[in-house]
Amino acid sequence: MSTSSRRGSTRHPYMDNVPLDDTNDTIFLGESEDEDDEFFFNPVRSATSETRRSPSTTTPAGEYKTLPDTQERIYVSKPPWEDKLSQDHEDQAQSAEEAQGFSILLLLTNGLGIESVNNQLLADEFAREGYFVVMPDLFSSDPNSPVPSIQQQQGSLLARVKSLAISSAAGFMTDMWVARHTEERTWPMLVNMVEEIVDLYRPRDLCVVGYSFGGKYALKMLQLPISASATSEQASTPTSPSVTPSNDDPEAQLAKSPKSPSAPTMPMNVDLSNPSWAPLILTGIICHPSLVDPKDFVGIKKPVLIIAVQDDPLFPMELIQTATKALTKNTVFHDVKWYDRKLPHGFAVKGDYPADNRMVTENQTHAHREVVSWIKSFVA
């Protein structure tokens with residue numbers, strides 16, 4: 001792979017001469033102290049609940065693609081320099097070299113998946129910062145359904161009773177949804193998808209950002225070995241479908257295999273504990289993760305930034321303290337950014353919040369800047 005880059009050829013030596021930073025910063029940018037603010041009484045129903053409506057006035061700029069072998073979908077949002085590169089034909093050799101020298105930002109979503117307009121807009125926002133963003137579908141077109149919001153629960157007594165019944169049913173369906181999307185199912189699918197993404201786009205390196213549900217799998221990526229194994233299950237299973245490297249345009253390859261609704265995911269038999277792309281991962285960020293436990297922080301090998309909300313029942317203080325102890329013990333460069341307890345789980349994802357709720361929107365903007373700043377310190 002080429003090491004040249006439009007942003008420079010050197011990378012952040014994350015394990016060299018960098019002191020451990022275990023500062024727990026509490027960040028609060030809003031001014032609202034109103035305990036009666038209806039937003040903060042919107043109950044968290046499960047580890048993957050989302051209650052926000054999609055913005056109605058903003059159109060996502062990225063597009064869906066279908067991976068040819070796994071037949072799984074991805075959402076791709078390209079940075080401004082990518083369009084300029086594709087239009088510049090004066091030096092084809094240099095363009096081809098640079099095309100294989102960029103970083104890919106893997107965005108692992110909350111339970112609403114790549115179909116969520118809010119998640120798409122989040123990917124687009126990273127793309128505007130200059131990153132080539134790929135958002136894999138972690139759920140095979142089976143995202144979680146949002147729980148009715150507090151605004152939807154207002155009205156007459158009959159309307160509220162009906163809303164409560166719907167909310168209870170939604171909670172049950174959420175439990176069923178979590179049971180369908182276990183680690184045993186999600187991790188192999190994601191590893192195979194990343195294998196295809198790397199083979200198609202040939203990035204120089206990878207950064208991974210995980211929100212809520214996706215946070216657990218960002219951590220699993222950071223647990224992977226720093227060097228790839230010489231052999232893999234794929235090599236020992238020659239009859240299994242595999243990705244064949246090609247010099248073809250990735251866009252053309254993705255266009256060859258439109259996904260059929262009934263098309264099954266094709267197993268590629270990549271080594272799940274040490275895939276070939278493991279050394280490409282530079283760093284990771286987890287934002288208010290869900291469904292995580294202490295073992296997810298054991299064996300982390302790459303730098304990690306943690307965005308957390310105080311008193312978040314889905315990512316409690318005790319677990320964060322256990323995580324920081326494990327990271328410090330393994331001398332892993334890390335940082336924890338705390339946000340005010342009044343913020344809801346999931347606040348860092350774009351959403352249609354009340355217009356007068358500056359606390360949410362300003363802290364959301366601040367958290368995004370923290371993530372971008374962290375990535376920039378590792379991606380030259």
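The largest nonpolar core has 52 residues, and Ile104, Leu106, Leu206, Met221, Trp277, Ile306 and Phe315 touch the most other members. A nonpolar core here is a set of buried Ala, Val, Leu, Ile, Met, Phe, Trp, Tyr and Cys residues joined through side-chain atoms within 4.5 Å. Helix 5 (residues 183-201) gives the most to this core, at ten residues. Apart from this core lies another, of 35 residues, with Tyr75, Met135, Cys287 and Val360 among them.

A few ground rules. This is a predicted model, where local features need pLDDT of at least 70 and side-chain atom pairs count only at pLDDT 80 or more, while totals for chains, interfaces and linings use all residues. Residues are numbered from 1 along each chain as its sequence is written, and side-chain values use heavy atoms, with hydrogens and water left out.

Overall, the protein has ten helices and nine strands, taken as DSSP runs numbered from the N terminus (helices H or I, at least four residues; strands E, at least two). Of its 380 residues, 51% are buried, meaning under 20% relative accessible area with a 1.4 Å probe, protein chains only (exposed is over 50%, partly exposed in between). Among contacts (heavy atoms within 4.5 Å) with a separation of 6 or more, 83% are between residues 24 or more positions apart.

Now for a helix pair. Helix 3 and helix 10 pack at about 45°, with their axes 11 Å apart, which makes helix 3 oblique to helix 10 (under 35 degrees is roughly parallel, over 145 roughly antiparallel, 65 to 115 roughly perpendicular, the rest oblique). Here is who touches whom:

| Helix | Residues | Contact residues |
|---|---|---|
| Helix 3 | 117-128 | Leu122, Glu125, Phe126 |
| Helix 10 | 358-376 | His368, Val371, Val372, Ile375 |

Those contact residues divide into five nonpolar, one polar and one charged.

Last stop, Ala323 in helix 9 (residues 317-329). Ala323 is buried, at a relative accessible area of 1%. Its C-alpha atom is separated by 7.9 Å from that of Val298, 25 residues apart along the chain.

Conventions. Axes fitted to C-alpha atoms, helices over the stretch in contact; angles between N-to-C directions. Nonpolar A, V, L, I, M, F, W, Y, C, P; charged D, E, K, R; others polar.
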